[in-house]
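Thanks for making time this morning.

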Amino acid sequence: MRKIFVINGPNLNLLGTREPDVYGSTTLRQIVQMLKAEARKRGVRIGAYQSNHEGSIIDVIQRLPVKGYSGLIINPGAFTHYSYAIRDAIKATGLPTVEVHLSDIEKREEFRKISVIREVCMDQVKGLGPQGYVKALELLAEE
Ligand code: DQA
């Protein structure tokens, strides 16, 4: 069975109560449960990880190929806008990756319009809320 991994970066553990007007009221646990259910229908298994720490996220990305994962869905949170280290880790693994954002980063503050991750990802999904993770799964499943 194909295995796809989903990583959520800093502050996404607070989903549900964090700025609900921007990020909605669905918790991260609910998002991951929903994504797992959608993946099961498509014969895909999902592994999931959330961390507030850049280095921990990089450690996990580096291990994905040896653990048999063939795709990555990542919402890097604010690391999106400045983590060249996460960008390099994604590039180093060579795994097809889709970047996800719950909000539409194009329509917010200037600093959010820049993603240093985008170039090493096959696609970027933004502004779809929790459904964005399912869209990313579909894009990877087509690969
Ligand atoms: C986010 C957008 C980022 O700018 C922000 O720092 C986040 C969440 C999103 O899902 O919309 O933490 O990645």
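**Charge, fold and the last helix**

The chain carries 20 positive and 16 negative side chains, and the centres of these two sets lie 8 Å apart, where Lys and Arg count as positive, Asp and Glu as negative, and His and the chain ends are not counted; each charge is placed at NZ of Lys, CZ of Arg, CG of Asp or CD of Glu.

Please bear in mind that this is a predicted model, in which local features need pLDDT of at least 70 and side-chain atom pairs count only at pLDDT 80 or more, while totals for chains, interfaces and linings use all residues. Residues are numbered from 1 along each chain as its sequence is written, and side-chain values use heavy atoms, with hydrogens and water left out.

From the N terminus on, the elements run β-α-α-β-α-β-α-β-β-α, with helices (H or I, at least four residues) and strands (E, at least two) taken as DSSP runs numbered from the N terminus.

Of the 143 residues in the chain, 48% are buried, meaning under 20% relative accessible area with a 1.4 Å probe, protein chains only.

Which residues of α5 are buried? They are Gly132, Tyr133, Val134, Ala136, Leu137, Leu139 and Leu140, in a helix that covers residues 131–142 and has 12 residues. The cover over these buried residues includes α2 (28–41) as well as the strands β1 (2–8), β2 (44–50), β3 (71–75), β4 (97–101) and β5 (123–126).

Finally, the C-alpha atoms of the chain fill a box of roughly 40 × 30 × 25 Å along the principal axes.

Technical notes:
The expected span of a helix is 1.5 Å times one less than its number of residues. Buried means under 20% relative accessible area, exposed over 50%, partly exposed in between (1.4 Å probe, protein chains only). Contact means heavy atoms within 4.5 Å.
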